[in-house]
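Subject: A structure for you to look at

Hi there,

I am handing over a structure for you to explore, and below it you will find my notes on what turned up. Please keep the view open while you read.

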Amino acid sequence: MNRDFDESIILMEDTSAAHDFWRKKIHELYANREKGMEFEKEIIELFPPFKLFFERNEFLLQRKHRLFDFQEKWDSEDGNPIFYGYVPRTFRAIRIIQAPPQDTTNQLSAWVEKSFTNFSEEIKAFDATGSYELVIYIEMNSLTFRYAMILIYFWISRRAVKPRHEELLIERIYNTRIRGNDSLHY
Amino acid sequence: MVKKMTAMQTVIGPTHRGRFQAQGLSLEESEAWAVPIPPSTEEGEAMLLKLESKLEYRDAKLRKDAFDEAKNFIQKSYKAGGINAVRKKTFMVRSTRRERVDVEILNGAAFHLVKNV
């Protein structure tokens, strides 16, 4: 069994539990520097030029910083999305779509896009106009979860991480860690 | 006077906005609505069909299941009383990095009725 999550999270038997799981795991990234350094090491292995990038731009988050959880924007029916949140410190949104595994293949898709809303109803104190969001589609297993967390970590860690940087990492992770014989040429 | 007209236009202008999108590594097609009456399920499905017909055969075939899921979403929304909030649903093509069909309700409501008279 995976030590990060149990079978009920994978199968989405309780979508509220799955939703809370994602919020907790993302917020843990704010303060768990041991995990953060482990992720940065792997990111550098995947894309060596990011070593200098990490040296020049420091990690910005602390436990006291907020993570907005848009309660009205996640869907308890089908997990599409299972979590929709915003990190005001680094001006970043995250939308996670989770589905129960259909087979044993690794299913992790991701991209960055401009947020379709400015979240003005949910976060009146912050101006999120023009923010970008990392979108993740995941069918959970230990490998897809690990790389989803690495993508989230990188995305929220520094304002200096631009959408093009995140896309580089997504491409590298997808092509070298996720893509299998079953994957399509897209 | 100018201000008054602008306010008036706002009142009578389209209040229900949204779009269907087919996106991917090298694809970005959409079918949008901006109307004074919320789109019905029939109109929603017609827009989805129009979007599908805009795509090349290969892109449409790849997204067949995603389009079916988007259609099911319209029907499920109708059965639940329609959509009254800003919402985005993404229907993925499995085993791809980013090929998908999106449904965005950007303002107002949608899919309350089967047919608008």
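Predicted model: local features only at pLDDT ≥ 70, side-chain atom pairs only at ≥ 80, totals over all residues.

**A buried tryptophan**

With that term in hand, find Trp111(A), which belongs to strand E4 of chain A. Is Trp111(A) buried or exposed? Buried means under 20% relative accessible area, and Trp111(A) has 0%, so it counts as buried.

Which residues does Trp111(A) touch, once neighbours within four places in sequence are left aside? In its own chain, the contacts include Glu133(A), Leu134(A), Val135(A), Glu167(A) and Ile170(A). Residues from chain B are on the list too, among them Thr90(B), Met92(B), Arg97(B), Arg98(B) and Arg100(B). Take Glu133(A) as one example: it is 22 residues from Trp111(A) in sequence, and the two C-alpha atoms are 8.4 Å apart in space.

**The cavity**

The whole structure has 1 cavity of 30 Å³ or more, and the space in the largest cavity is about 30 Å³. Which of the elements gives the most? That is H6(A), with 4 residues. Sorted by class, the lining has 7 nonpolar residues, 1 polar residue and no charged ones.

**The pocket**

The largest pocket holds about 810 Å³ of space, and 39 residues line it. Nearest its centre are Asp78(A) and Asn80(A) from chain A, along with Lys76(B), Lys89(B) and Phe91(B) from chain B. Strand E3 (92-98) of chain A supplies at least two lining residues, and so do helix H4 (64-79) and strand E3 (87-92) of chain B. How do the lining residues divide by class? There are 18 nonpolar, 9 polar and 12 charged residues.

**Aromatic rings**

Over all chains, a search of the whole structure finds 20 aromatic pairs. In one of them, Phe5(A) and Phe145(A) have ring centres 5.1 Å apart and planes at 75°, so the pair is edge-to-face. This pair links distant parts of the chain, 140 residues apart: Phe5(A) is in the segment before helix H1 (7-11) of chain A, while Phe145(A) is in helix H5 (residues 142-157) of chain A. Phe5(A) counts as buried at 5% relative accessibility, and Phe145(A) counts as buried at 4%.

Another pair is formed by Phe47(A) and Phe50(A): their ring centres are 4.8 Å apart and their planes are at 50°, so this pair is tilted. Phe47(A) is buried at 14% relative accessibility, and Phe50(A) is buried at 3%. Ring pairs also join Phe47(A) and Phe50(A) with Phe53(A), Phe54(A) and Phe154(A) in a cluster.

Charged side chains meet rings as well. Arg33(A) lies over the face of Phe59(A), 3.8 Å from the ring centre. The charged end of Arg92(A) sits over the ring of Trp155(A), 4.5 Å from its centre.

**Backbone details**

Pro81(A) is in the loop between strand E1 (68-69) and strand E2 (83-87) of chain A.

Phe91(A) is not a glycine, but its phi is positive, near 65°. It is in the loop between E2 and E3 of chain A, and it is partly exposed, with a relative accessible area of 25%. In chain B, Ser95(B) also has a positive phi, about 65°, without being a glycine. Ser95(B) is in the loop between E3 and strand E4 (100-107) of chain B, and it counts as buried at 10% relative accessibility.

**Chain B as a whole**

Chain B has 4 helices and 4 strands, in the order α-β-β-α-α-α-β-β from the N terminus on. Of its 117 residues, 45% count as buried.

Definitions and conventions: Residues numbered from 1 in each chain as written. Chains lettered and ligands numbered in written order. Heavy atoms only, no water. Phe/Tyr/Trp six-rings, centres within 6.5 Å; stacked < 30°, edge-to-face > 60°. Buried < 20%, exposed > 50% of the residue type's maximum accessible area, 1.4 Å probe, protein only. Lys NZ or Arg CZ within 6 Å of the ring centre and 35° of its normal. 1 Å grid on protein atoms, 1.4 Å probe; cavity = no way out; pocket = protein on both sides within 12 Å on 5 of 7 lines; lining within 4 Å. Points joined across faces, edges and corners; volume = space filled by probe spheres on them. Nonpolar A, V, L, I, M, F, W, Y, C, P; charged D, E, K, R; others polar. Contact = heavy atoms within 4.5 Å.
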